Amino acid sequence: MFQDDLRAAAALSHSTLAETLAEWGTLPVIEGMRYALEGGKGLRGYLAIESSRLHGIPADRARFAAAAIDAIHAYSLVHDDLPAMDDDDMRRGRPTVHKKWDEATGILVGDGLLTLAFELLAENDCGGLVGSLAQAAGARGMVLGQAQDMAAEAADVPLTLSEITALQKNKTGALIEWAAMAGPRLAGDDPSALGRYADCLGLAFQIADDLLDVEGDAEVVGKAVGKDEDAGKATFVTILGVTGAKARAAELVEEACTALDPYGTEAASLKDAARFVIARRS
């Protein structure tokens, strides 16, 4: 069920983005935006659409929230890959945007994707989500997490487990949480159960990423691996060990599934999504 739902959500989000960009021309910045949106699993867009379904919001309306969060995620990857940040040459198995074009284009592509997200929400009956997305993506959410991560790399003392957890709740978890809470927010319902689910899901997702950096195959992952160790970076794996990190991820998945109990069998796909994030190979 989940894999079919994920594919359907990704297709709907991608078609929404493609339709929006169809008449924007062929300047390098626009082509770069289209390029950056290609590939990927579309998990965040899926969460927006699935959480909306649980709260009676049709996919035809939820697709704009899905497209917006996928655009924000793509922007974050484009900027994260830049030389001043993580300096990556490959993303999703092909050259990063700044490698395919140039660094200036990479910066502008990210800027374009970021603002596209808010345009999609504001113009398609989702204006109530604008403020929460700005917070999740900005200096109280993902941007804060990225800044905390860069500061940690420059520091002499490695982060503690609680500090890494707080950092990753911002850097990775904020967008996942926003996506999972988009449905109840659109419906004017209580988002707390999905917020608890997403909090656990985001941390499990990050632990899985840390494990892939240690155990993953670069060709399968689609980007360089082993970078955390090379940089001497504190991660869930360096603190908990491989076995401990896997155990903690499994615990978080169970906690995420328990948070969905109020939805009964209707949340089966979201429970499968939680199990998927720690079983993935990329």
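Visitor: Where is Arg 92 placed?
Guide: Arg 92 sits in the loop between β1 and β2 (94-95), where strands are DSSP runs of E, at least two residues long, and helices are runs of H or I, at least four, numbered from the N terminus. This is a predicted model, where local features need pLDDT of at least 70, side-chain atom pairs count only at pLDDT 80 or more, and totals for chains, interfaces and linings use all residues. Residues are numbered from 1 along each chain as its sequence is written, and side-chain values use heavy atoms, with hydrogens and water left out.

Visitor: Why is Arg 92 called partly exposed?
Guide: Its relative accessibility is 29%. Buried means under 20% relative accessible area and exposed means over 50%, with partly exposed in between (1.4 Å probe, protein chains only). So Arg 92 counts as partly exposed.

Visitor: What is the phi of Arg 92?
Guide: Near 55 degrees, a positive value in a residue other than glycine. Most residues other than glycine have a negative phi.

Visitor: Why are α7 and α10 called roughly antiparallel?
Guide: Helix α7 (residues 130-137) and helix α10 (residues 173-187) pack at about 165 degrees. Angles under 35 degrees count as roughly parallel, over 145 as roughly antiparallel, 65 to 115 as roughly perpendicular, and the rest as oblique. Therefore α7 and α10 are roughly antiparallel to each other.

Visitor: Which residues of α7 make the contact with α10?
Guide: Ser 132, Leu 133, Ala 136 and Ala 137, where contact means heavy atoms within 4.5 Å. From α10 come Ala 174, Leu 175, Trp 178 and Arg 185.

Terms used
Axes are lines fitted to C-alpha atoms, for helices over the stretch in contact, and angles run from 0 to 180 degrees between N-to-C directions.
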